[in-house]
Amino acid sequence: MSKPIVSLVNVEKWYGTNHVVKNMNINIAEGEFLTLLGPSGCGKTTTLRMISGFELPTSGVIKVQGESVEKKEPYQRDVNTVFQNYALYPHMTVEKNIGYGLKNMKVPADEIKKKVDWAIDILGLEEYRNRKPKNLSGGQRQRVALGRAIVKDQKVFLMDEPLSNLDAKLRVSMRNEISKLHRSLGSTTIYVTHDQVEAMTMADRIVIMKAGVVQQVGKPMELYEKPVNKFVAGFIGSPQMNFYDVSIEDGQIVFSDGNRLTMKQEMAEKLKKHGTRMTLGIRGEDIKFDPQNLDIYKENKMQAVVDNTEIMGNENNIYFEFGGAVTIARVSKYELCKVGDKVEFVFVPHRMHFFDIDTEEAIEL
């Protein structure tokens, strides 16, 4: 990693007796798109607000471009925040909203015009230049908020769930716009979201948080393929990973409903070191119904009755009871079945994940 432009060192945040952020240590490289991801109340927005200066850490150090900023006001930190609610001035046009911050900074009028024209052009807002926010769509308002941020030439952009007020179609297009803008500006972006699809599609790296604690930091596919614990495995991916409480007996994985899978001896030996009970996880796309996989793994062929199907267009989700849990398999759009059908399937052995039953930490195989 190149020299970090933002660093959080042993950062803690308490609200009275509520420990919101716990010993956070993160380095964010210049030009990186880093996403803080987690459920509501996990501390991600509080972390962003501490970087921006709208909240002060209870303890720890926050550095921007190598300089500690805990005692600096927000406007002194060389960061710019794009909020969830856009925070546009209703009486000002698009042009004036974008340039207002520069006017407050006493930037010369000709330079303001040049920067505003550039932002309006790069964000495709020319035809809306003289409109007021009430006459703009949600996506257009979000672009104005982005424009107001990018004209200030600051190195770090902080975005707090900026797309959550948009409908699904607009969210997809704005994801693309923000990603393109990030690449064209070469800026550093720290982005807060609870939407794992947003995080997976936009981020260079993701920080997954739970109850104020960083669970795992990594590239999107690292988190997807090698989650460090059951929480990360379940939070990343849609539909979420399937989980089963299993026991290990005589080289076999035994499910709570009596179904059994035969393992290779090497896997059995490694799992035995972690006890006889554990959690098995497998993603829906690694449950196979096609003839080729049924033949390859025929010694572990299993059966179930379909409870429900979801036709997604590009793929299908198949629901059935197995192993004492509701199971969701993701199959191709050509693999059709209906409620009540008896289906055969296999788990792809090398795609199975195992977690300690007590700590929920991933077991290395």
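Which elements each supply at least two residues of the lining of the second largest pocket? They are β6 (79-82), α2 (94-104) and α4 (138-150). Helices (H or I, at least four residues) and strands (E, at least two) are DSSP runs, numbered from the N terminus.

This is a predicted model, where local features need pLDDT of at least 70, side-chain atom pairs count only at pLDDT 80 or more, and totals for chains, interfaces and linings use all residues. Residues are numbered from 1 along each chain as its sequence is written, and side-chain values use heavy atoms, with hydrogens and water left out.

**Two pockets**

On a 1 Å grid over the protein atoms alone, a pocket is an open set of points where a 1.4 Å probe fits, with protein on both sides within 12 Å along at least five of seven lines; lining residues have an atom within 4 Å of a point. A volume is the space filled by probe spheres set on the points, which are joined across faces, edges and corners.

The second largest pocket has a volume of about 450 Å³. Among its 19 lining residues, Y75, V79, N80, T81 and K152 are the closest to the centre. By class, this lining has 11 nonpolar, six polar and two charged residues. Here Ala, Val, Leu, Ile, Met, Phe, Trp, Tyr, Cys and Pro count as nonpolar, Asp, Glu, Lys and Arg as charged, and the others, Gly among them, as polar.

The largest pocket holds about 760 Å³ of space. Its lining has 26 residues, and M267, P349, H350, M352 and L365 are the closest to its centre. Two or more lining residues come from each of β13 (260-262), α9 (265-272) and β20 (353-356). The classes here are 14 nonpolar, four polar and eight charged residues.

Axes are lines fitted to C-alpha atoms, over the stretch in contact for helices, and angles run from 0 to 180 degrees between N-to-C directions.

| Helix pair | Angle | Axis distance |
|---|---|---|
| α2 and α3 (109-122) | about 135 degrees | 10 Å |
| α2 and α4 | roughly 30 degrees | within 7 Å |

The angle with α3 makes α2 oblique to α3, while α2 is roughly parallel to α4. Angles under 35 degrees count as roughly parallel, over 145 as roughly antiparallel, 65 to 115 as roughly perpendicular and the rest as oblique.

Contact means heavy atoms within 4.5 Å. In α2, E95, I98, G99, L102 and K103 meet I112, K115, V116, A119 and I120 of α3. On the α4 side, V94, N97 and I98 of α2 meet V144, G147 and R148.
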